[in-house]
Amino acid sequence: MELHTCAILDNHPVAPETYQLTVHCAAASQTRCGQFADIAIPGKKLRRPLSITDWTDNTLTFTYRVVGEGTDWLSRQHQGELELLTGCGNGFDLTAFSRDILLMGGGIGCAPLLGTARQALAQGLAVKLLLGFGNPEQALFQKELSGLDVEAVYCYDSLGENVAQALVRLGWQDLPFCACGPLPMLRAVCQASQAPGQVSLEARMGCGFGACMGCSVQLKERMARVCKDGPVFHRKEIVWEHLL
Amino acid sequence: MGTLTVNLSGLELSNPVIAASGTYGYGMEYLDFYDVNCIGSFSIKGTTLHPRTGNRQPRIAEYDGGLLNAVGLENPGVEHVVQEIFPRLQKVYRGKVLANVSGFSMEEYCACAQRLDEQDIVGIIELNISCPNVHGGGMAFGMDAACAAELTAAVRRCVKKPLYVKCTPQCPDLVDLCRRVEDAGADGLVLVNTFLGMRLDRHTGKPLLANVTGGVSGSGIFPQALYRVYQVYPHVHIPIIGCGGVSCGSDVIEMLSAGASAVEIGTQNLLDPMCVPKVLRELEDYCREEHIQHITDLIGRAHQ
């Protein structure tokens, strides 16, 4: 983890209430897709953890939804600098995949999956994505994914199909997966799939670097801090009754 | 003896800055940011005899002055701390720690304190009778002076190392409790733990914390915590560690002036992981600019 002061390069809407932010930042401590950065918001005590959508040697890109005063403030920043704590969390472990990978996301939980898809392709994996949103207007990354050698399927609550239902319809229950999204969606895909999988959890965080235990959750055999030990855990470790 | 050196019941610290329990993990979470050997000391995560999973999520909320937490003493239990965590910590940290002990019965407190007292890395036993986020223990002992004194005396008989009692500001007569805790054998006091509070969701009207209430911390409570130290100092003869909302070097100076011999910093570590090195620089600058030879000269000067 590192503290950085980063210049805002771009911050534009990509869907209703949803923005994509790119900052200039030496991404040295960014080692895995599925990690996050903690962004300081002036006037707010807690930094806001935002999932990293993609990164280069000197930029970080985030996709985030406006859910409160902090992200609302962020959405109105088009220049200047932000203070970031980078390299947070463990991220997805793509070395666990040998041939196929299915990336499943729900809503803003899709944010880390673009970079994950690129990393998986670079590793030679056959990549499928199953992305669910409330309605077609909210869909993310359609243009970016169309330029990649991946099979991407979108589903929408407004059209009567969620991610778990689409997973069954497509017959992809045997594909090893990474998933990120709301807890009910994560539980539903874990119930529908028989394959090994990694899920990225969300929690209200305090410090973001493992000191306060504010985001700890009870797993099958241990307590784990979502910010430091996670946010990604193997599905076998999750006891849904403890989380929902 | 350096300008910033302080002494707590025979334990010499290179400076008066101690990280408060629950905000510093077991010391290793800050290694990405600085060498933790620069700190005077730190208090380990509140430890109980048996492992505890703590409260449900959400456990954290914020307000303009800081944070509310309701972690609920999540910890892996004293045996895990002694056998797994301390050996790892000793590889990176050369100082002594304050071992924060909590419990739900007198026997539990004593057994946990005794086990920690045996450890080389422990310099002070910090008896936590002030956690507001557990039911039937913690703060229950800290609300009643007779209870607090009885517990202090019991733990005193079990441990050889200096025993400091961390008190709750919720106590209706803190001065009386501190006096009786001193009489019962405490070597020092930590004033104070978090204030009880809550936040509600502005859309639903429901509590933001799953535990409904939480401990209020951060710079917003500093004047109240400072007052508790000022209030108790003339009535006891044992050192006080000032705690509550300390966020910068200037706050440390105020705490010492009110009567503290050292200061714990909590929430500010979480908000700014570089807080400790910044505060130490501010203290060095202050002593140089004000021509202060020993920072201990500031202790209690508000009362002179």
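Helices (H or I, at least four residues) and strands (E, at least two) are DSSP runs, numbered from the N terminus. The views show a predicted model, in which local features need pLDDT of at least 70, side-chain atom pairs count only at pLDDT 80 or more, and totals for chains, interfaces and linings use all residues. Residues are numbered from 1 along each chain as its sequence is written, and side-chain values use heavy atoms, with hydrogens and water left out.

**View 1. The loop of B:Val212.** In chain B, the loop between strand E11 (195-197) and strand E12 (214-217) holds B:Val212. B:Val212 is partly exposed, with a relative accessible area of 38% (buried means under 20%, exposed over 50%, partly exposed in between; 1.4 Å probe, protein chains only).

**View 2. The open sheet of chain A.** Six strands of chain A form an open sheet in the order E9-E8-E7-E10-E11-E14, with mixed pairing; two strands pair if DSSP finds at least two bridges between them. Strands E9 (151-156) and E14 (232-234) of chain A stand at the edges with a single partner strand each, so one side of each has no neighbour in the sheet.

**View 3. Strands E8 and E9 of chain A.** Strand E8 (residues 126-133) of chain A runs parallel to E9(A), and six bridges join them. A:Lys128 stands opposite A:Glu151 in E9(A).

**View 4. Helix H4 on the sheet.** Helix H4 (residues 163-170) of chain A packs on the sheet and touches strand E7 (100-106), E8 and E9 of chain A; contact means heavy atoms within 4.5 Å.

Terms used: Chains lettered and ligands numbered in written order. Axes fitted to C-alpha atoms, helices over the stretch in contact; angles between N-to-C directions.
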